[in-house]
Amino acid sequence: EGLRPGERITRVSGAASTIGYLAAKVSLSLSSGRSITFTGVDADSTSAAPFDFEVPDGAELVDCSFADGTLAGIVVAPRDSATATATATAAQPASHLTAVASAVGLLEGHREALATAVKVVSNILSHPGEPKYRRLRLTNAALQQKLLGRTGGEALLRGLGFVRQQGEQGAELVLRGDDLEALHVGKALLDEALSAAGADEARPR
């Protein structure tokens, strides 16, 4: 069953797959209160970590990004616009940049997460030829606590060009390619969100 007239998707949740499917289970929560659920074969026995992405107010879902058997992130656009919020460049597909904009939106207000993302991006831009800044270990407890554990954290890094791979010390996020345009765009969005988060903290309660 598909969407009915006037309905829109407000949340995408579910569970990762352990057998190579896009996901073991995907549930779409709708503005009408209904939900549509897609379940894979033997979902109960092949499910892994849960995922949950909420569509921000004033936006609508236009795409989902799946990787490694789970939902890596969502792409949204203003509800009154048929185009995505971010401008694409020839070197970076629009879906990647809109994924960055969407993830930054999900992290708004989380100053520590935003500051951590800015540090990751700034290190790469300041040392573009240094491989150590392009590798982020998923077992890094501080990184998990400050950024990756937040909704939108890993989706942001994937939108910037990071991909998951298995390293000598476990799973990693590794930045691929030498085109840093997406990082410059991402840093501008992050700086703006971080500035706004700082202003909110400074306001009298």
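Predicted model: local features only at pLDDT ≥ 70, side-chain atom pairs only at ≥ 80, totals over all residues.
I started with strand β8, which six antiparallel bridges join to β9 (residues 170-175). Residues are numbered from 1 along each chain as its sequence is written, and side-chain values use heavy atoms, without hydrogens and water.

**Entry 1, the sheet.** For the terms, I took helices (H or I, at least four residues) and strands (E, at least two) as DSSP runs numbered from the N terminus. I counted two strands as paired if DSSP finds at least two bridges between them. The link from β8 to β9 is a hairpin through two residues.

I then noted the whole sheet, which is open, has three strands in the order β7-β9-β8 and pairs antiparallel. β7 (135-137) and β8 (162-167) are the edge strands with a single partner strand each, so one side of each has no neighbour in the sheet. Neighbouring strands here are turned by 30° against each other on average, direction ignored. The axes are lines fitted to C-alpha atoms, for helices over the stretch in contact, and angles run from 0 to 180 degrees between N-to-C directions.

I used a 1 Å grid over the protein atoms alone; a pocket is an open set of points with protein on both sides within 12 Å along at least five of seven lines, a cavity is a set where a 1.4 Å probe fits but cannot get out, and lining residues have an atom within 4 Å of a point. A volume is the space filled by probe spheres set on the points, with grid points joined across faces, edges and corners.

The largest pocket holds about 480 Å³ of space. I found 24 lining residues, with Pro 50, Thr 70, Leu 71, Glu 154 and Arg 164 nearest the centre. At least two lining residues each come from β1 (9-17), β4 (47-54), β6 (70-78), α4 (141-148) and α5 (153-159). β4 has the largest share, six residues. By class I noted eleven nonpolar, seven polar and six charged residues. Ala, Val, Leu, Ile, Met, Phe, Trp, Tyr, Cys and Pro count as nonpolar, Asp, Glu, Lys and Arg as charged, and the others, Gly among them, as polar.

Of its 13 lining residues, Val 120, Asn 123, Leu 136, Asn 140 and Leu 143 lie nearest the centre. α3 (111-126), β7 and α4 each give two or more residues to this lining, and α3 gives the most, with four. The lining has five nonpolar, three polar and five charged residues.

I placed Gly 14 in strand β1. Gly 14 is buried, at 17% relative accessible area (buried is under 20%, exposed over 50%, partly exposed in between, with a 1.4 Å probe and protein chains only). Leaving out residues up to four places away in sequence, I found Gly 14 touching Lys 25, Val 26, Pro 50 and Phe 51, where contact means heavy atoms within 4.5 Å. From Gly 14 to Leu 71 I noted 8.4 Å in space, C-alpha to C-alpha, and 57 residues in sequence.

I listed six helices and nine strands. Of the 205 residues in the chain, 41% are buried. Among contacts with a separation of 6 or more, 54% are between residues 24 or more positions apart.
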